[in-house]
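Here is a short note for someone opening this structure for the first time.

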Amino acid sequence: MTNHKRFVVTGLALTALATVAACSGGGGNTQTATQSGSAAEPVTINVHTFGGGENFGYDEAVKKWNAEHPNIQIKYQNLTDRFEDVYLPQLLQRLQAGAGAGDVVGIDEGAMGLMAARPQFFTDLSQYGLDSRKADFPAAKWEAGLNADGKLFALGTDMGGMTMCYRKDLFEKAGLPTDREEVGKLWPDWNAFFETGKKFEAAKTGAKFMDGPNTIYNVILFQEAPKNGNVAYFDKSNQLILEKNPAIKTSFDWVQKFSQAGLTAKLQAWSPAWDKAIKGGGFATMGCPSWMLGVIEGKAGESNKGNWDVAAVPGGSGNWGGSWLAVPKQSKHPKEAAEVLNYLTGKEGHVAAFKEAGAFPSSIPAQQDTEVSGLKNAYFNDAPTGQIFSASVANLQPVFFGEKHAQVKTAVEKVLEGMDQGAVKYDEAWSKFVEAGVKAAG
C-alpha cells in the first residue's frame, strides 16, 4: 500500500541502519512445511502493517484464518498510517536489535531497496517453498522481493494502479460535468487538467482544485519514470540521477505550474489539515492509486458517501505504491509465519484486501478473479473499480527504487511543500530541490 504514508526517514532510522501451502486460496500448489493447524503447540503470529483508512485490508481475511486455524492464530496490528517517519524507523530499530518486530511485517515499495540490501534481517522464504509462487506475480513485483543475495525475502501484496478521485458535489457547484466518463474526458493529458483547474478556480466554489504538491508529484513521476529508463532518483547502479533524469524535472515543473496558478490547497499530504480537508470538501481532485480509495473513505467518513467518485487519470495510466510482506529472522515461529504470509499474499488474501480496502492485487490469479474484476465500490457511487484498476495496470512497467529512495523522496518533497506554501521562492525551488536530494543521498 504506499504510501498511503508520509515519507520521512529520521536520524533514528539512519542510526538503525548500522514448503508453504496455498491454504484457503494461496497461489499455486505449494505444500507447506507446516500444514494448516499442524503446529505442535498453539502459536500467535503477529502481523504488523501500516497505512491510512482501511490499511492493508486484512481484517476479514484474518477473521477467516483464525476461525479455521485454532493452532495458528494471527494477531493483526496496523501500527500507524505514517510509514517512513514512524513505522520504518521503528522497524529498522527492531530489526537491528533482534527483537520487537512482527512475525510478518509489511514493507512499502519505497523501502524495498533498503531492505533488500539487508538480507541478514529476513528469512529466506524459499526454504518453506514459497519460491514456487513466482508465476503468481508480475516479474517486477517478484524481483523486488529478492534480496542482495538473490534470496526470496518478500512477496507482494497490492499494487497501485492510477485514477483521479474527484468530488462530484464540488464539480457540480463549479458547473463542470459530474459523470465519471465525462470527467475523464475533461483531461486526456496534464495540459487539459491544468485548464480544467483554472475553470474550477474561476467558479469560486470556496474549495481549491487540488490538495497539494505531494500527491500530484508522485502521480506524474510514476508516469514519467517508465518513459525514462524505468528509474526515478537512482539508476540501477544506485547512483543518484536527480538532475539527469527528465522524469524528475518534468514532475517538478508540473507541480510548480499548478502551485503558481493557485490551483492547490497548499496541503501537506498525511497532515491533520489534509485529513480535515478530505472530509470537509477543501479540495476537488486528488491522484488516486487503488489504496487511496480506502484512505479517502476512512478519512472522509460515512457522511461523504457518494460525494467522491473515480475518473481516468490524465495520461491514461500509471502506478504509485504497493507493498510486500516479509518474515524477520527474529521470528520464533518462521514456518507458521511463512504459512500466514503465503495465505495473505495468495489469491484469497488479495481478493479479501481489495474488497475491504480497495488494495488492488499484485497477484495475477487474484486480478483474474471475477470478485476483483467485477467489483464496484459503493462509497464511490458504485464506481466499477475492478474494471478501472485492471485497465490502469494492464501495461505497467517496473520502476527501480534505489537503496536511499525513501530518504531522497522525503527531502525533495519537503522542498515542494515549502515552495507551495511560500517558504521557498519559486525561482530558487529547483536548486533547493536538487540540493536537498543530494544531501539526503549522502
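1. Helices (H or I, at least four residues) and strands (E, at least two) are DSSP runs, numbered from the N terminus. By that count the chain has 19 helices and 9 strands.

2. The model is predicted, with local features needing pLDDT of at least 70 and side-chain atom pairs counting only at pLDDT 80 or more, while totals for chains, interfaces and linings use all residues. Residues are numbered from 1 along each chain as its sequence is written, and side-chain values use heavy atoms, leaving out hydrogens and water.

3. Of the 442 residues in the chain, 60% are buried (under 20% relative accessible area, 1.4 Å probe, protein chains only).

4. Five strands form an open sheet in the order β2-β1-β3-β9-β4, with mixed pairing; two strands pair if DSSP finds at least two bridges between them. β2 (72–78) and β4 are the edge strands, each pairing on one side only.

5. Strands β3 (residues 104–108) and β9 (residues 322–326) run antiparallel and are joined by 4 bridges. Val105 stands opposite Ala326 in β9.

6. A cavity is a set of points on a 1 Å grid over the protein atoms alone where a 1.4 Å probe fits but cannot get out; lining residues have an atom within 4 Å of a point. The largest cavity is lined by 10 residues, with Phe56, Tyr58, Thr157, Asp158 and Ala353 nearest its centre.

7. β4 (154–159) and α14 (347–357) each supply at least two residues of the largest cavity's lining. The largest share, 3 residues, comes from α14.

Methods
1 Å grid on protein atoms, 1.4 Å probe; cavity = no way out; pocket = protein on both sides within 12 Å on 5 of 7 lines; lining within 4 Å. Buried < 20%, exposed > 50% of the residue type's maximum accessible area, 1.4 Å probe, protein only.
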